[in-house]
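Student: I have a model open and want to learn how to read it. Can you take me through a few features?

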Amino acid sequence: MISTALLGFGIVGSGTAEVLTRNQALIESRIGDSFRIRYILDLREFPDSPFAPLIVHDFNTILNDPEISVVAEMMGGSHPAYDFTKALLMAGKSVVTSNKEVVANFGTELLQIARENGVHYLFEASVGGGIPIISPLRKDFSSNRITAISGILNGTTNYILTRMKNEGAAFDDVLRDAQRLGYAERNPAADVEGLDAARKTVILAAMAFGKRLDPNAIHCEGITNITPEDCAYAESAGYAIKLIGHTSLMDGRVVAMVSPRAVRADNPIYGVNDVFNGILVEADMVGKVMFYGPGAGKLPTASAVAADMIEIMSGRTVDAAEWTDAGTDDIADFDGYVCRSLLTFDVPKEQAAGLRAVFGASDYFTGRNGKHTFVTKPMSEAETLARIASAGFPLVSRIRVLD
(Lines give C-alpha, C1' and ligand atoms only; values in the text may rest on other atoms or scores of the structure.)
Protein backbone atom coordinates (compact mmCIF):
# COMPACT_ATOMS: atom_id res chain seq x y z
CA MET A 1 0.00 0.00 0.00
CA ILE A 2 1.37 3.39 -1.05
CA SER A 3 0.29 6.32 1.12
CA THR A 4 -0.01 9.79 -0.43
CA ALA A 5 -0.98 13.27 0.71
CA LEU A 6 -2.31 16.41 -0.94
CA LEU A 7 -1.36 19.96 0.02
CA GLY A 8 -4.26 22.25 -0.83
CA PHE A 9 -7.91 21.43 -1.48
CA GLY A 10 -8.83 24.21 -3.85
CA ILE A 11 -9.76 23.77 -7.49
CA VAL A 12 -6.76 21.65 -8.49
CA GLY A 13 -6.43 19.88 -5.15
CA SER A 14 -10.05 18.77 -5.07
CA GLY A 15 -9.79 17.79 -8.73
CA THR A 16 -6.75 15.64 -7.99
CA ALA A 17 -8.58 13.85 -5.19
CA GLU A 18 -11.45 13.23 -7.60
CA VAL A 19 -9.18 11.88 -10.36
CA LEU A 20 -7.33 9.57 -7.97
CA THR A 21 -10.47 8.11 -6.46
CA ARG A 22 -12.66 7.95 -9.55
CA ASN A 23 -9.98 6.07 -11.49
CA GLN A 24 -8.38 4.30 -8.54
CA ALA A 25 -8.79 0.79 -9.93
CA LEU A 26 -7.30 1.81 -13.26
CA ILE A 27 -4.39 3.58 -11.57
CA GLU A 28 -3.66 0.61 -9.30
CA SER A 29 -3.57 -1.70 -12.31
CA ARG A 30 -0.96 0.57 -13.86
CA ILE A 31 1.27 0.99 -10.83
CA GLY A 32 1.01 -2.65 -9.77
CA ASP A 33 0.14 -1.73 -6.19
CA SER A 34 -2.64 -0.27 -4.10
CA PHE A 35 -2.55 3.31 -2.85
CA ARG A 36 -4.55 5.68 -0.69
CA ILE A 37 -4.86 9.38 0.00
CA ARG A 38 -4.04 9.49 3.71
CA TYR A 39 -4.14 13.27 4.33
CA ILE A 40 -5.31 16.48 2.68
CA LEU A 41 -3.80 19.65 4.13
CA ASP A 42 -5.92 22.81 4.13
CA LEU A 43 -6.73 25.60 6.55
CA ARG A 44 -10.44 25.23 5.88
CA GLU A 45 -13.00 22.64 6.85
CA PHE A 46 -15.04 20.80 4.20
CA PRO A 47 -17.88 19.19 6.15
CA ASP A 48 -19.93 18.39 3.05
CA SER A 49 -17.07 16.79 1.11
CA PRO A 50 -16.58 13.03 0.98
CA PHE A 51 -12.93 13.79 1.68
CA ALA A 52 -13.69 15.62 4.95
CA PRO A 53 -12.24 12.82 7.16
CA LEU A 54 -8.86 13.26 5.44
CA ILE A 55 -8.51 17.00 6.12
CA VAL A 56 -5.68 18.02 8.45
CA HIS A 57 -4.47 21.51 9.36
CA ASP A 58 -0.94 20.83 10.59
CA PHE A 59 1.72 20.28 7.93
CA ASN A 60 3.87 18.34 10.41
CA THR A 61 1.27 15.58 10.45
CA ILE A 62 2.27 14.80 6.87
CA LEU A 63 5.96 15.60 7.20
CA ASN A 64 6.44 13.31 10.19
CA ASP A 65 4.39 10.35 8.95
CA PRO A 66 6.92 7.75 7.71
CA GLU A 67 4.25 6.03 5.60
CA ILE A 68 3.77 9.03 3.32
CA SER A 69 6.00 8.66 0.26
CA VAL A 70 4.37 10.88 -2.41
CA VAL A 71 2.90 14.35 -1.85
CA ALA A 72 1.13 16.61 -4.35
CA GLU A 73 1.50 20.35 -3.69
CA MET A 74 -1.29 22.54 -5.14
CA MET A 75 -1.32 25.47 -2.75
CA GLY A 76 -0.29 28.30 -5.07
CA GLY A 77 2.12 31.11 -4.27
CA SER A 78 5.74 30.80 -3.19
CA HIS A 79 5.27 30.51 0.56
CA PRO A 80 4.66 28.30 2.41
CA ALA A 81 4.54 26.04 -0.66
CA TYR A 82 8.30 26.25 -1.27
CA ASP A 83 9.10 25.74 2.41
CA PHE A 84 6.82 22.70 2.66
CA THR A 85 8.20 21.21 -0.57
CA LYS A 86 11.81 21.61 0.56
CA ALA A 87 11.06 20.01 3.93
CA LEU A 88 9.28 17.06 2.32
CA LEU A 89 12.10 16.40 -0.14
CA MET A 90 14.68 16.57 2.63
CA ALA A 91 12.55 14.08 4.60
CA GLY A 92 12.77 11.61 1.72
CA LYS A 93 9.31 12.14 0.26
CA SER A 94 8.74 12.73 -3.46
CA VAL A 95 6.76 15.82 -4.43
CA VAL A 96 4.71 16.69 -7.51
CA THR A 97 3.27 20.14 -8.10
CA SER A 98 1.12 22.37 -10.27
CA ASN A 99 2.76 25.44 -8.73
CA LYS A 100 4.52 27.33 -11.55
CA GLU A 101 5.64 30.10 -9.20
CA VAL A 102 7.61 27.73 -6.99
CA VAL A 103 9.11 25.81 -9.94
CA ALA A 104 10.12 29.00 -11.77
CA ASN A 105 11.66 30.61 -8.68
CA PHE A 106 13.17 27.62 -6.87
CA GLY A 107 13.27 24.73 -9.36
CA THR A 108 17.07 24.48 -9.51
CA GLU A 109 17.37 24.09 -5.74
CA LEU A 110 14.44 21.71 -5.35
CA LEU A 111 15.60 19.40 -8.15
CA GLN A 112 19.02 19.22 -6.51
CA ILE A 113 17.55 18.48 -3.07
CA ALA A 114 15.43 15.71 -4.59
CA ARG A 115 18.49 14.12 -6.21
CA GLU A 116 20.50 14.35 -3.02
CA ASN A 117 17.75 12.59 -1.07
CA GLY A 118 16.96 9.90 -3.64
CA VAL A 119 13.44 11.14 -4.33
CA HIS A 120 11.67 12.92 -7.19
CA TYR A 121 10.33 16.38 -7.96
CA LEU A 122 7.91 16.49 -10.91
CA PHE A 123 5.86 19.42 -12.21
CA GLU A 124 3.94 18.47 -15.35
CA ALA A 125 0.91 20.58 -14.39
CA SER A 126 2.96 23.75 -13.84
CA VAL A 127 3.07 24.78 -17.51
CA GLY A 128 0.38 23.38 -19.79
CA GLY A 129 -2.39 22.34 -17.41
CA GLY A 130 -3.75 19.22 -19.08
CA ILE A 131 -1.28 19.40 -21.99
CA PRO A 132 1.65 16.99 -21.63
CA ILE A 133 4.77 19.08 -22.27
CA ILE A 134 7.19 18.62 -19.35
CA SER A 135 7.15 14.82 -19.63
CA PRO A 136 7.95 14.87 -23.38
CA LEU A 137 10.79 17.32 -22.69
CA ARG A 138 12.09 15.00 -19.96
CA LYS A 139 11.86 11.86 -22.09
CA ASP A 140 10.88 12.06 -25.74
CA PHE A 141 13.26 14.82 -26.80
CA SER A 142 16.28 13.32 -25.06
CA SER A 143 17.95 12.50 -28.41
CA ASN A 144 17.38 16.03 -29.74
CA ARG A 145 18.87 19.45 -29.26
CA ILE A 146 15.96 21.78 -28.71
CA THR A 147 16.40 25.03 -30.61
CA ALA A 148 13.25 26.95 -29.66
CA ILE A 149 9.93 26.70 -27.83
CA SER A 150 7.07 29.08 -28.53
CA GLY A 151 3.58 28.86 -27.17
CA ILE A 152 0.28 30.23 -26.03
CA LEU A 153 0.65 29.52 -22.33
CA ASN A 154 -2.30 31.37 -20.84
CA GLY A 155 -5.92 30.60 -21.65
CA THR A 156 -7.31 33.85 -20.24
CA THR A 157 -5.33 36.07 -22.59
CA ASN A 158 -6.00 33.78 -25.53
CA TYR A 159 -9.74 33.97 -24.89
CA ILE A 160 -9.58 37.76 -24.75
CA LEU A 161 -7.52 38.10 -27.94
CA THR A 162 -9.76 35.62 -29.79
CA ARG A 163 -12.84 37.67 -28.94
CA MET A 164 -11.11 40.90 -29.88
CA LYS A 165 -10.12 39.48 -33.26
CA ASN A 166 -13.41 37.81 -34.12
CA GLU A 167 -15.81 40.43 -32.76
CA GLY A 168 -13.83 43.68 -32.72
CA ALA A 169 -14.64 43.88 -29.01
CA ALA A 170 -12.68 46.16 -26.67
CA PHE A 171 -10.20 44.67 -24.19
CA ASP A 172 -12.03 45.90 -21.06
CA ASP A 173 -15.38 44.53 -22.25
CA VAL A 174 -13.98 41.07 -23.01
CA LEU A 175 -12.06 40.99 -19.74
CA ARG A 176 -15.29 41.57 -17.82
CA ASP A 177 -16.90 38.70 -19.72
CA ALA A 178 -13.89 36.49 -18.96
CA GLN A 179 -14.23 37.25 -15.25
CA ARG A 180 -17.97 36.55 -15.33
CA LEU A 181 -17.34 33.18 -17.02
CA GLY A 182 -14.60 32.23 -14.56
CA TYR A 183 -11.77 32.44 -17.12
CA ALA A 184 -10.14 35.41 -15.37
CA GLU A 185 -9.52 36.18 -11.71
CA ARG A 186 -10.98 39.20 -9.97
CA ASN A 187 -7.44 40.60 -10.10
CA PRO A 188 -6.32 39.52 -13.59
CA ALA A 189 -2.90 41.18 -13.54
CA ALA A 190 -0.84 37.97 -13.53
CA ASP A 191 -2.62 36.85 -16.70
CA VAL A 192 -3.10 40.01 -18.74
CA GLU A 193 0.30 41.49 -17.86
CA GLY A 194 2.08 38.31 -18.93
CA LEU A 195 3.47 37.27 -15.52
CA ASP A 196 1.81 33.84 -15.58
CA ALA A 197 3.20 33.14 -19.05
CA ALA A 198 6.63 34.44 -17.99
CA ARG A 199 6.92 31.87 -15.19
CA LYS A 200 5.92 29.09 -17.57
CA THR A 201 8.41 30.33 -20.17
CA VAL A 202 11.19 30.23 -17.57
CA ILE A 203 10.33 26.60 -16.80
CA LEU A 204 10.34 25.68 -20.50
CA ALA A 205 13.69 27.44 -21.00
CA ALA A 206 15.17 25.51 -18.08
CA MET A 207 13.85 22.23 -19.46
CA ALA A 208 15.17 23.00 -22.94
CA PHE A 209 18.56 24.50 -22.14
CA GLY A 210 19.29 23.62 -18.50
CA LYS A 211 19.41 27.26 -17.40
CA ARG A 212 16.86 28.76 -15.00
CA LEU A 213 16.36 32.45 -15.61
CA ASP A 214 14.87 34.87 -13.10
CA PRO A 215 11.19 35.17 -14.13
CA ASN A 216 11.21 38.80 -12.96
CA ALA A 217 14.13 39.67 -15.24
CA ILE A 218 12.99 38.38 -18.63
CA HIS A 219 11.35 40.68 -21.16
CA CYS A 220 7.62 40.61 -20.43
CA GLU A 221 4.76 42.44 -22.11
CA GLY A 222 1.09 41.71 -21.61
CA ILE A 223 -1.97 42.46 -23.71
CA THR A 224 -3.40 45.46 -21.86
CA ASN A 225 -2.35 47.81 -24.67
CA ILE A 226 -3.73 45.69 -27.52
CA THR A 227 -6.72 47.28 -29.25
CA PRO A 228 -9.36 45.94 -31.64
CA GLU A 229 -7.68 48.13 -34.25
CA ASP A 230 -4.39 46.29 -33.70
CA CYS A 231 -6.20 43.02 -34.31
CA ALA A 232 -7.77 44.42 -37.48
CA TYR A 233 -4.42 45.72 -38.79
CA ALA A 234 -2.86 42.31 -38.13
CA GLU A 235 -5.74 40.50 -39.83
CA SER A 236 -5.42 42.73 -42.90
CA ALA A 237 -1.83 41.52 -43.18
CA GLY A 238 -2.81 37.84 -42.72
CA TYR A 239 -1.87 37.52 -39.05
CA ALA A 240 -3.54 36.96 -35.67
CA ILE A 241 -2.22 38.45 -32.44
CA LYS A 242 -1.41 35.94 -29.70
CA LEU A 243 0.37 36.33 -26.37
CA ILE A 244 3.43 34.12 -26.84
CA GLY A 245 6.01 32.82 -24.44
CA HIS A 246 9.21 32.20 -26.40
CA THR A 247 12.65 30.83 -25.59
CA SER A 248 15.57 30.03 -27.87
CA LEU A 249 19.33 30.19 -28.10
CA MET A 250 21.10 33.23 -29.52
CA ASP A 251 24.83 32.73 -30.06
CA GLY A 252 24.75 29.98 -27.44
CA ARG A 253 22.94 32.13 -24.87
CA VAL A 254 19.35 31.82 -23.70
CA VAL A 255 16.72 34.35 -24.63
CA ALA A 256 13.30 34.14 -22.99
CA MET A 257 10.44 36.56 -23.42
CA VAL A 258 6.69 37.04 -23.31
CA SER A 259 4.96 39.47 -25.66
CA PRO A 260 2.09 39.80 -28.11
CA ARG A 261 3.18 38.27 -31.42
CA ALA A 262 1.72 38.40 -34.90
CA VAL A 263 1.25 34.77 -35.97
CA ARG A 264 0.74 33.94 -39.64
CA ALA A 265 -2.03 31.61 -40.79
CA ASP A 266 0.43 28.87 -41.84
CA ASN A 267 1.78 28.59 -38.28
CA PRO A 268 -0.09 25.90 -36.25
CA ILE A 269 -0.31 28.30 -33.30
CA TYR A 270 -2.53 30.59 -35.42
CA GLY A 271 -5.49 28.22 -35.02
CA VAL A 272 -5.28 27.94 -31.22
CA ASN A 273 -8.25 29.95 -30.00
CA ASP A 274 -10.40 30.70 -26.96
CA VAL A 275 -9.10 29.23 -23.67
CA PHE A 276 -6.94 26.59 -25.32
CA ASN A 277 -3.14 26.54 -25.23
CA GLY A 278 -0.67 25.45 -27.89
CA ILE A 279 3.08 24.89 -27.54
CA LEU A 280 5.42 24.46 -30.51
CA VAL A 281 8.76 22.75 -29.83
CA GLU A 282 11.51 22.96 -32.45
CA ALA A 283 14.37 20.45 -32.28
CA ASP A 284 17.25 19.49 -34.54
CA MET A 285 16.23 15.89 -35.30
CA VAL A 286 12.44 15.76 -35.08
CA GLY A 287 11.74 19.25 -36.43
CA LYS A 288 8.60 21.01 -35.18
CA VAL A 289 6.18 19.29 -32.80
CA MET A 290 2.94 20.88 -31.61
CA PHE A 291 1.20 20.25 -28.27
CA TYR A 292 -2.41 21.44 -28.02
CA GLY A 293 -5.17 21.21 -25.48
CA PRO A 294 -6.80 22.71 -22.38
CA GLY A 295 -4.15 24.73 -20.58
CA ALA A 296 -6.11 25.02 -17.34
CA GLY A 297 -9.25 23.77 -15.64
CA LYS A 298 -9.95 21.60 -12.64
CA LEU A 299 -9.82 18.09 -14.09
CA PRO A 300 -7.32 18.67 -16.96
CA THR A 301 -4.77 20.15 -14.53
CA ALA A 302 -5.56 17.53 -11.89
CA SER A 303 -5.01 14.77 -14.43
CA ALA A 304 -1.48 16.07 -14.98
CA VAL A 305 -0.82 16.14 -11.24
CA ALA A 306 -2.14 12.59 -10.91
CA ALA A 307 -0.01 11.44 -13.86
CA ASP A 308 3.15 12.59 -12.08
CA MET A 309 2.06 10.79 -8.92
CA ILE A 310 1.40 7.63 -10.93
CA GLU A 311 4.83 7.81 -12.53
CA ILE A 312 6.50 7.95 -9.13
CA MET A 313 4.29 5.26 -7.58
CA SER A 314 5.03 2.96 -10.52
CA GLY A 315 8.79 3.24 -9.91
CA ARG A 316 9.48 4.27 -13.52
CA THR A 317 10.36 7.93 -13.00
CA VAL A 318 12.58 9.79 -15.44
CA ASP A 319 13.82 12.91 -13.67
CA ALA A 320 14.42 16.26 -15.34
CA ALA A 321 18.01 16.92 -16.36
CA GLU A 322 20.01 19.04 -13.96
CA TRP A 323 19.41 22.80 -14.04
CA THR A 324 21.74 25.59 -13.06
CA ASP A 325 20.73 29.15 -12.29
CA ALA A 326 21.64 31.31 -15.28
CA GLY A 327 24.50 33.74 -14.86
CA THR A 328 25.21 36.85 -16.87
CA ASP A 329 27.17 34.89 -19.47
CA ASP A 330 24.24 32.51 -20.01
CA ILE A 331 21.68 35.17 -20.91
CA ALA A 332 21.44 36.78 -24.33
CA ASP A 333 21.32 40.56 -24.66
CA PHE A 334 17.70 41.26 -25.55
CA ASP A 335 18.73 44.26 -27.66
CA GLY A 336 20.25 41.76 -30.07
CA TYR A 337 17.13 39.60 -30.43
CA VAL A 338 16.22 39.43 -34.11
CA CYS A 339 12.70 39.15 -35.49
CA ARG A 340 10.39 40.81 -37.95
CA SER A 341 7.84 43.34 -36.72
CA LEU A 342 4.30 44.20 -37.78
CA LEU A 343 4.25 48.00 -37.64
CA THR A 344 1.36 50.39 -38.04
CA PHE A 345 2.09 54.07 -38.53
CA ASP A 346 -0.25 57.02 -38.67
CA VAL A 347 0.73 58.12 -42.15
CA PRO A 348 -1.25 58.83 -45.35
CA LYS A 349 -0.77 56.24 -48.07
CA GLU A 350 0.83 58.78 -50.40
CA GLN A 351 3.61 59.38 -47.85
CA ALA A 352 4.36 55.69 -47.29
CA ALA A 353 7.49 56.07 -49.42
CA GLY A 354 9.04 57.75 -46.38
CA LEU A 355 8.61 54.54 -44.41
CA ARG A 356 10.16 52.54 -47.23
CA ALA A 357 13.19 54.80 -47.09
CA VAL A 358 13.61 54.11 -43.37
CA PHE A 359 12.80 50.40 -43.20
CA GLY A 360 13.95 49.19 -46.62
CA ALA A 361 12.39 46.21 -48.34
CA SER A 362 9.29 45.09 -46.48
CA ASP A 363 5.97 43.38 -47.03
CA TYR A 364 3.56 46.27 -47.51
CA PHE A 365 -0.17 46.14 -47.12
CA THR A 366 -3.00 48.44 -48.05
CA GLY A 367 -3.42 51.37 -45.70
CA ARG A 368 -6.72 51.91 -43.91
CA ASN A 369 -8.18 54.91 -42.10
CA GLY A 370 -5.06 56.95 -42.66
CA LYS A 371 -2.87 54.20 -41.16
CA HIS A 372 -0.22 52.12 -42.92
CA THR A 373 0.61 48.57 -41.81
CA PHE A 374 3.60 46.54 -42.97
CA VAL A 375 6.01 43.80 -41.90
CA THR A 376 9.68 44.64 -41.63
CA LYS A 377 12.63 42.52 -42.62
CA PRO A 378 14.31 40.67 -39.70
CA MET A 379 16.26 43.07 -37.52
CA SER A 380 17.41 43.34 -33.93
CA GLU A 381 15.43 44.98 -31.17
CA ALA A 382 17.90 47.86 -31.05
CA GLU A 383 17.78 48.44 -34.79
CA THR A 384 13.98 48.22 -34.91
CA LEU A 385 13.55 50.80 -32.16
CA ALA A 386 16.13 53.11 -33.75
CA ARG A 387 14.36 53.00 -37.12
CA ILE A 388 10.97 53.60 -35.51
CA ALA A 389 12.40 56.66 -33.77
CA SER A 390 13.84 58.01 -37.04
CA ALA A 391 10.73 57.35 -39.13
CA GLY A 392 9.22 60.76 -38.51
CA PHE A 393 5.64 59.46 -38.30
CA PRO A 394 3.56 58.53 -35.21
CA LEU A 395 3.76 54.82 -34.40
CA VAL A 396 0.33 53.31 -33.76
CA SER A 397 1.53 49.85 -32.75
CA ARG A 398 4.40 47.41 -32.98
CA ILE A 399 3.78 43.67 -32.74
CA ARG A 400 6.70 41.28 -33.08
CA VAL A 401 6.20 38.59 -35.69
CA LEU A 402 6.52 34.91 -34.73
CA ASP A 403 8.15 33.19 -37.70
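Tutor: We go through helix faces, a pocket, some loops and some backbone angles.

Student: What should I know about the model and the numbering?

Tutor: This is a predicted model: local features need pLDDT of at least 70, side-chain atom pairs count only at pLDDT 80 or more, and totals for chains, interfaces and linings use all residues. Residues are numbered from 1 along each chain as its sequence is written, and side-chain values use heavy atoms, with hydrogens and water left out.

Student: How do I read the faces of a helix?

Tutor: An α-helix has 3.6 residues a turn, so residues three or four places apart point the same way. Helices are DSSP runs of H or I with at least four residues, strands are runs of E with at least two, and both are numbered from the N terminus. Buried means under 20% relative accessible area, exposed over 50%, and partly exposed in between, with a 1.4 Å probe and protein chains only.

Student: Which residues of α15 are buried?

Tutor: Helix α15 spans residues 381-390, and E381, T384, R387 and I388 are buried there. Seen down the axis of α15, these buried residues fall within an arc of 135 degrees, so they line one face of the helix. The arc is that of the directions from the helix axis to the C-beta atoms. A389 and S390 are exposed, on the face turned away from the buried side.

Student: What do the buried residues of α15 pack against?

Tutor: They pack against β15 (338-339), β16 (341-346), α14 (353-359), β19 (379-380) and β20 (395-402). Contact means heavy atoms within 4.5 Å. After α15 comes G392, with a positive phi near 85 degrees.

Student: Where is L343, and is it buried or exposed?

Tutor: L343 sits in strand β16. Its relative accessible area is 0%, so L343 is buried. Beyond its neighbours within four places in sequence, L343 is in contact with several residues, including F359, H372, F374, I388 and L395. L343 and A234 are 109 residues apart in sequence, and their C-alpha atoms are 9.1 Å apart.

Student: Which residues of α9 are buried?

Tutor: In α9 (residues 171-180), F171, V174, L175 and A178 are buried. Down the axis of α9, they fall within an arc of 105 degrees, so they line one face of the helix. They pack against α8 and α10. G182 follows α9, and its phi is positive, near 85 degrees.

Student: How do I read a pocket?

Tutor: On a 1 Å grid over the protein atoms alone, a pocket is an open set of points where a 1.4 Å probe fits, with protein on both sides within 12 Å along at least five of seven lines; lining residues have an atom within 4 Å of a point. The largest pocket has a volume of about 1200 Å³. Of the 40 residues that line the largest pocket, V12, K100, E185, A296 and G297 are the closest to its centre. The volume is the space filled by probe spheres set on the points, which are joined across faces, edges and corners.

Student: Which helices supply the lining of the largest pocket?

Tutor: Among those supplying at least two residues each are α1 (11-22), α5 (100-116), α8 (155-167) and α11 (195-209). The lining divides into 16 nonpolar, 15 polar and nine charged residues. Ala, Val, Leu, Ile, Met, Phe, Trp, Tyr, Cys and Pro count as nonpolar, Asp, Glu, Lys and Arg as charged, and the others, Gly among them, as polar.

Student: What does the side chain of N267 reach?

Tutor: The side chain of N267 reaches the backbone nitrogen of I269 at 2.9 Å. N267 is in the loop between β11 (253-264) and β12 (276-283). At 10% relative accessibility, N267 counts as buried. Leaving aside neighbours within four places in sequence, N267 is in contact with L280 and L402.

Student: Which backbone angles deserve a check?

Tutor: Most residues other than glycine have a negative phi, and most peptide bonds are trans. D251 has a positive phi near 55 degrees and is exposed, at 79% relative accessible area. D274 has a positive phi of about 55 degrees and counts as partly exposed, at 37%. A cis peptide bond joins H79 and P80, with omega about 10 degrees.

Key: Polar contact = N/O pair within 3.5 Å; in protein donor to acceptor, adjacent residues only side chain to side chain.
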